[in-house]
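Visitor: I have a structure to go through before I set anything up. Can you walk me through it?

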Amino acid sequence: MTTYMQNGISRMFIRAGVVAAGLFTLLGGAQAQDAAVKGTVNIVGFSGVFADNYQKFIIDPFKAKYPGISVTYQQSKNSAETLALLTLQRADPKVDVALIDVAVAIKAAKDGIFTKLDPAKVKALEEMPAWARLEGDKAIAFSQDNLAILYNTDTVKQPPTSWNDLADPKYKGKIAAKLSDTRGVILLPILDKLAGADYKQSIDPALALLKKIAPNVSTWEPAPDCYAVIQSGEVDLSICWNGRAQYLHDTQGGKIGVAAPKEGSIGQTNTVGLVENSKNAEAAQLFINYALGTEAQATFAEKSFYGPVNSKVSLPDAVAARIYGSKEAQAAQMSLDWNFVADKYSAWIQRISREVIALN
């Protein structure tokens, strides 16, 4: 190699080193600046096992990384209750960040309850797929939880393999089905698919199938929840969420089994939003950035069995199977047009309540 080439390469590496050093200085400065942020982030979100796991796997690691920021978590029974709280506080918000179902989040964003995130502060937005960035980054999808059939492993020795099994007479009076919320809204497109119909055209076929399932339902309001009635043996089957059920299976003796029907399911999408006029917007966006990042997304998926949304997260096959079901079920997994569903949400629940629940 000539002296000229050696000198040229040396100068190139020197320049690269200077640039790299500059980048490290900038990154280090940014991290130091983030770590220096102080304040409180007030979050309202889902209750029960979700709240426990979110505290353990998202909030606590965030607080360890940013000790100057305290985080409070207020549990809400459902997204409708959360929206009511945010609406009530609109003139003087006490909440900074809300975790909320996607259909309700779209409505909240359109109504101006959420504000647009700053991409310079929430860098993780770059890693989120386009479908997850809702209403101009006013709500961001952060996890998905599939609707599933839960069963009592003591009383059900041959777990259901199809949504059609819910209509089997052997389960008469042995099913719990809380359907006057997002669970019902998601079940309708699934049943429409079984009937060969399109939920955007009509939900009548789905309601017809639901009426066949109804005689098997012993309670439309499982108390205290759809997991406990399986755990106690009060019912054999329950239509509920996969993530919490998988976690409870592992932590409460395995009495709750989870069946992922071969026809696939639909992921209930959970979103995070920054409340308009938040008094702690800087700290809140720092938290949202962490919660959407690869570390938090991967941990929450592997520990809590919620499907990650960040496009850079790749799950081990064993974890993916517990979140989405068999390869067959994964291939059949459905997605929804959530903007369409958001407009139909209340009307669909009213039809379920009026045409199915009230008559059974």
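Predicted model: local features only at pLDDT ≥ 70, side-chain atom pairs only at ≥ 80, totals over all residues.

Visitor: Start with the chain. How many helices and strands?

Guide: The protein chain has 13 helices and 12 strands. Its C-alpha trace spans about 85 × 55 × 40 Å along the principal axes.

Visitor: What share of the residues is buried?

Guide: Buried residues make up 50% of the 360 residues in the protein chain.

Visitor: Now pockets. How much space lies in the largest pocket?

Guide: About 1,000 Å³. The lining of that pocket comes to 41 residues.

Visitor: Which of them lie nearest the centre?

Guide: K77, N78, D181, R183 and W241 lie nearest the centre of the largest pocket.

Visitor: And how does the lining divide by class?

Guide: The lining of the largest pocket divides into 20 nonpolar, 11 polar and 10 charged residues. Helix α13 gives the most to this lining, with 4 residues.

Visitor: How many salt bridges does the structure hold?

Guide: The structure holds 15 salt bridges. Another one is between D250 and R322, where the closest N and O atoms are 2.9 Å apart. That pair links distant parts of the chain, with D250 in helix α8 (residues 242-251) and R322 in helix α11 (residues 317-324), 72 residues apart.

Visitor: Is D250 exposed, partly exposed or buried, and what about R322?

Guide: D250 counts as partly exposed, at 44% relative accessibility. R322 is also partly exposed, with a relative accessible area of 24%.

Visitor: Back to α13. Which side chains there meet in a salt bridge?

Guide: E355 and R351 do, at 2.6 Å from N to O. They are 4 residues apart in helix α13 (residues 338-357), so about one helical turn separates them.

Visitor: Why does a spacing of four places matter?

Guide: An α-helix has 3.6 residues a turn, so residues three or four places apart point the same way.

Visitor: Are E355 and R351 buried or partly exposed?

Guide: E355 has a relative accessible area of 18%, and because that is under the 20% cut-off, E355 is buried. R351 counts as partly exposed, at 23% relative accessibility.

Visitor: Which residues are in the network with them?

Guide: A network of salt bridges links D204, R351, R354 and E355.

Visitor: Change of topic. How many cavities turn up?

Guide: A search of the whole structure finds 1 cavity of 30 Å³ or more. About 60 Å³ of space lies in the largest cavity.

Visitor: What lines it?

Guide: The residues lining the largest cavity include Y54, I58, F142, S143 and A291. The largest share of the lining, 4 residues, comes from α10. Helices α2 (48-65) and α10 (294-304) and strands β6 (139-152) and β12 (307-308) each supply at least two residues.

Visitor: And by class?

Guide: The lining of the largest cavity has 9 nonpolar, 3 polar and no charged residues.

Visitor: You named A291. Which helix is that residue in, and what is around that helix?

Guide: A291 is one of the buried residues of α9. In that helix 9 of the 12 residues are buried, so α9 is largely enclosed by the rest of the structure. The buried ones also include L286, F287, I288 and Y290.

Visitor: What is the span of α9?

Guide: The end C-alpha atoms of α9 (residues 281-292) are 16 Å apart, which agrees with the 16 Å that its 12 residues should span at 1.5 Å a residue.

Visitor: Some single residues, then. Where is S238?

Guide: S238 lies in strand β9 (residues 237-241). S238 is buried, with a relative accessible area of 1%. A polar atom of the S238 side chain lies 3.1 Å from the backbone oxygen of C226.

Visitor: And N360?

Guide: N360 is found in the segment after α13. N360 is partly exposed, with a relative accessible area of 43%.

Visitor: How far is N360 from V217?

Guide: N360 and V217 are 143 residues apart in sequence, and their C-alpha atoms are 8.3 Å apart in space.

Conventions:
Residues numbered from 1 in each chain as written. Heavy atoms only, no water. Salt bridge = Lys/Arg side-chain N within 4 Å of Asp/Glu carboxyl O. Buried < 20%, exposed > 50% of the residue type's maximum accessible area, 1.4 Å probe, protein only. 1 Å grid on protein atoms, 1.4 Å probe; cavity = no way out; pocket = protein on both sides within 12 Å on 5 of 7 lines; lining within 4 Å. Points joined across faces, edges and corners; volume = space filled by probe spheres on them. Nonpolar A, V, L, I, M, F, W, Y, C, P; charged D, E, K, R; others polar. Expected span 1.5 Å × (residues − 1). Polar contact = N/O pair within 3.5 Å; in protein donor to acceptor, adjacent residues only side chain to side chain.
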